[in-house]
Amino acid sequence: MKERTRFIFSQGAIFFLLVLISQQVLAQETVLIPKPQKINQKTSHSFNLNNSRVWTNETAHNNFTLEQLKKVFSEKAQAKLSTVKTAKKADIILYSASEGAVSIPKNLLPSSEVLQKIGPQGYWLKIDDKIRIIANTSQGLFYGVQTLKQLLKTSEENALFETEIIDWPALEYRGWMDDISRGPIPTLDYVKYVIKTLSEYKLNFINLYTEHTLRNEKFADIAPPDAFTPAEITELEKFAAPYHVSIIGNQQAFGHMEEILKIPFYDNIADNKWNLNPGSPATYKFLETYLGDAAQAYEHPFFNIGADETDGLGSGKAKDLVDSLGMEAVYAMHINKLDWILKKYGKRTMMWGDIAVNHQEIIEQLPKDLIILSWGYDPRDSFDEAIVPFDESGFDFMVAPGVRSWSEIYPNLDVAVKNIANYVRDGKEYGAMGMINTAWDDDGETLFNANWHGMIWGAEMSWNPISSQEEEQASRERQNRREIFDKGVDQFFFGVTGKSSVMKSLNKFAQLREISVFSSMANASTWSSIYEFYPEEETASIAAANQKMLKEANKLMLELQEKTRQVNTNKTAVRVAALAAQRAAYTAKKNLFILELQKLYNNKEGVNLKLIKQKREELLDELHLLKIAYVQSWQEENRAYWLDENLKKYDAQAQDLLDLETHVFIKAGQAIQPGEMKIELNSLFPQTKLYYSLDGSEPTKDSPVYNGNLSINSNTLVQARGYNDGKAGEISSRFFNVHKALGITPKIKGSYSTANPAYTAGGPAGLTDGLKGSENFADGRWQGYAGQDVEVVLDLGAPTEVNEISADFYQRLISWIMLPKNVEFYASKDGKIYQKVAQANSPVDEKDQGLIILEFSSGPLKLKTRFLKVKINSRGMLPEWHTGAGKPGFIFIDEIVVK
């Protein structure tokens, strides 16, 4: 293992002095992206841009690089570069030493020590009365020209300052991953544009995350019509080569296979709905062809098999194999088989490292030439724990931070900046071979045009990372680097001149996040139902926060719309940001409308119905404008695939708004007796007639009319439909699980989380309302608690026979949700003295990845009691091995069932 030294400066005068020095340096530092390793620049002009004779040792790549320089030179100097035959006659010399036998006079070259220092991707750039860019390879020369292009763009008085730059990358492989499987599939032209743009910041590979979106005619039923084809991959490789960008292959081959496994004809290779079955020979027969063909579609020798988040491996058809050998052995066995398939095609396997790092006995069973991708997307002070196990085991590895755009209205730039900077810093310290900066599309909505800042910051860090280890100093270094970097993004990416700054506006999204609106910048907040109400005790603070959000988001939207008119390049990225601010404003306005509906629900006499309808129409108009703008932004970068899925969200919310007069609320009422509960049906408008069914049939005008008297005493699907002024509304439905505590409002010792309104599950009664949670912990049925134990007391009203007490709990480590350590069950006749009757311990390894829903049960009981107490013992703060170590972990419970 590589030794690591941390330097921690004392606080006080020394630190204060460093801050002052850094601020002075910041004011005069040359703006370049990425920041060069060594730069010495004088304030006197030395090279006149009218000097326009250029020479390069001719190769296909060097000639391509020269054409790039000619374009920028003509734009800046309004003069054309003319090519001369010898370096002696040139004003500008571009030379790659290893390209051919051509040599130039030694007095034009740097020292041999410099050439050795810069390596295969570095360059030496010297500006005096000439401009010389010297590199060992055409790739290094290309990067030197990218730096010169930036100097030209910011030059003044038709001249360049005397400058010397000695520069090389900290990491050999510097790339990005674009998710093309969970939503947008970019057009070929757009991927080319991204490659061209990010190559200017010295990134050198792209990885297209693929589950089912690479077409294979042997399995023509898998890929959608808009999927990438092998021919397109070949075209991309040819396009990217002169930009010195490689296309590294990618095909999930273990987990995240649901898009393939949902097709009935592939059931024979499925373990569960996500994972392939390592116990089936059919799996490997399939992979021999499917994975083998994918490998052959790419020239590059690296190939990424994914293999992350293998949720519930062995929970389906592979159960016997996993029970026999153990999960770790089965996982390693499958990876070895995948590696064997890829080696036949000359590939070196890459894989995500989350399963291995959390089950480290896997590591020693893996092929030793694997490249591990150590990933994590949170803003940790240190990523040592995610890296050290692979470093100590001798594996080559890359670090994989992320731009934090997925499932967000706009990327969380602050989180991304720290995540990328610290992960790359720690990766370099332990000898990482590279960085792969990720842009996921978890909910399918994200536009790549929102990702540029994070992507270019990844280029900045992977070329020249921060060095500070102690977090206070690292924070200062990140801040100083970011201020200079943001100026560079304004100048080079947006083409902004003068005092105008796009980045100052984009950084204001952080201010929106600070407003205490539940999940304010999450996509899910836009699409939450207008008929899910807030806890009554929170409504005043929710109203104030959303009013502030509406004001500030509208202000930012107008500011960004104005910036769109000021930028000279990449206007679409600013339009996408303005659209995000517009959407944040709409979401706040929708939340305020929900509060108005909540008032109407509670007091139909005290609300102006005409005003409610008017606000509804305003929301519909704004939602329609958002939809149209989203379609336009989507079409600028993506193919048609998945757009319809996203537009369904707009249409569903519009339908919700149109259903205002006829919507039916179905609510669990009070318990009548153990095992029997009232069901309440309500609407917002008094004249709405409510019809219902309890037998699974669709409610119509021929169904029973709700008259306030409705109860259930067995598991029942309650469906209802409202009719208002001849209009039939949408059907509302709830499935109620009947048990002896149904409808009893418990007393809870503990505070449910307010991080999201859904986490309250309707308040205390949500634990006994008969409604079970789904696989989505934010569905409004799961009740969430952060970092605390919880006690729930049930009064059954009279001595009652109790045969079992149980509750379902949820675990998903990536969302900071863990199963409780244990659940204790108590009984009491008087509600004062309780006797412990059972305890259920978690049988699950706390490190188990994926989605786990587990019932904690008392087991068989023979009690006659009136009072029950359920004590849920949480794990408290997240453990040291977790990415959120030291922060409160969540427990989620959906229903306490008494039989």
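User: Let's start with Q252: buried or exposed?

Analyst: Q252 is buried, at a relative accessible area of 0%. Buried means under 20% relative accessible area, exposed means over 50% and partly exposed is in between, using a 1.4 Å probe and protein chains only. Before we go on: this is a predicted model, where local features need pLDDT of at least 70 and side-chain atom pairs count only at pLDDT 80 or more, while totals for chains, interfaces and linings use all residues. Residues are numbered from 1 along each chain as its sequence is written, and side-chain values use heavy atoms, with hydrogens and water left out.

User: Where is Q252, and what is it in contact with?

Analyst: Q252 sits in the loop between β10 (246-250) and α7 (258-261). Helices (H or I, at least four residues) and strands (E, at least two) are DSSP runs, numbered from the N terminus. Leaving aside neighbours within four places in sequence, Q252 is in contact (heavy atoms within 4.5 Å) with Y209, T210, E211, M257, I305, G306, A307 and D308.

User: Which side chain does the side chain of Q252 make a polar contact with?

Analyst: That of Y209, at 3.2 Å. A polar contact is a pair of N or O atoms within 3.5 Å; within protein, one must be able to donate a hydrogen and the other to accept it, and residues adjacent in sequence count only if both atoms are side-chain atoms.

User: OK, switching to the core. Which residues have the most contacts inside the largest nonpolar core?

Analyst: F494 and F509, in a core of 215 residues. Helix α20 (residues 571-602) gives the largest share of this core, 19 residues. A nonpolar core here is a set of buried Ala, Val, Leu, Ile, Met, Phe, Trp, Tyr and Cys residues joined through side-chain atoms within 4.5 Å. Apart from this core lies another, of 31 residues, including A807 and L861.

User: What about helix α21, how far does it reach?

Analyst: α21 (residues 609-635) has 27 residues and reaches 39 Å from its first C-alpha to its last, close to the 39 Å expected at 1.5 Å a residue. That expected span is 1.5 Å times one less than the number of residues. At the start of α21, a side-chain oxygen of N608 comes to within 3.0 Å of the backbone nitrogen of K610.

User: What do the buried residues of α21 pack against?

Analyst: They pack against α18 (523-527), α20 and α22 (643-658). Among the buried residues of α21 are I612, L619, L623 and W634. R616 and S633 are buried there too.

User: Now sheets. What's the strand order in the open sheet of 7 strands?

Analyst: The order is β1-β7-β5-β6-β4-β2-β3, with mixed pairing. Two strands pair if DSSP finds at least two bridges between them. The edge strands are β1 (38-48) and β3 (82-83), each pairing on one side only. Inside the order, β5 (residues 123-127) and β7 (residues 159-167) pair in the antiparallel sense over 5 bridges, with L125 opposite I165 in β7. Helix α4 (residues 138-153) packs on the sheet, its direction making about 35 degrees with that of β5. For that angle, axes are lines fitted to C-alpha atoms, for helices over the stretch in contact, and angles run from 0 to 180 degrees between N-to-C directions.

User: How many residues of β12 are buried?

Analyst: 4 of the 5 residues in β12 (residues 348-352) are buried. β11 (residues 302-304) and β12 run parallel, joined by 3 bridges. β12 also pairs with β13 (residues 371-375), again in the parallel sense over 3 bridges. M350 is the bridge partner of N304 and also of I371 in β13.

User: What's the phi of K202?

Analyst: K202 has a positive phi of about 75 degrees although it is not a glycine. Most residues other than glycine have a negative phi, and most peptide bonds are trans. K202 counts as buried because its relative accessibility is 1%. E309, in the loop between β11 and α9 (319-325), also has a positive phi, near 45 degrees.
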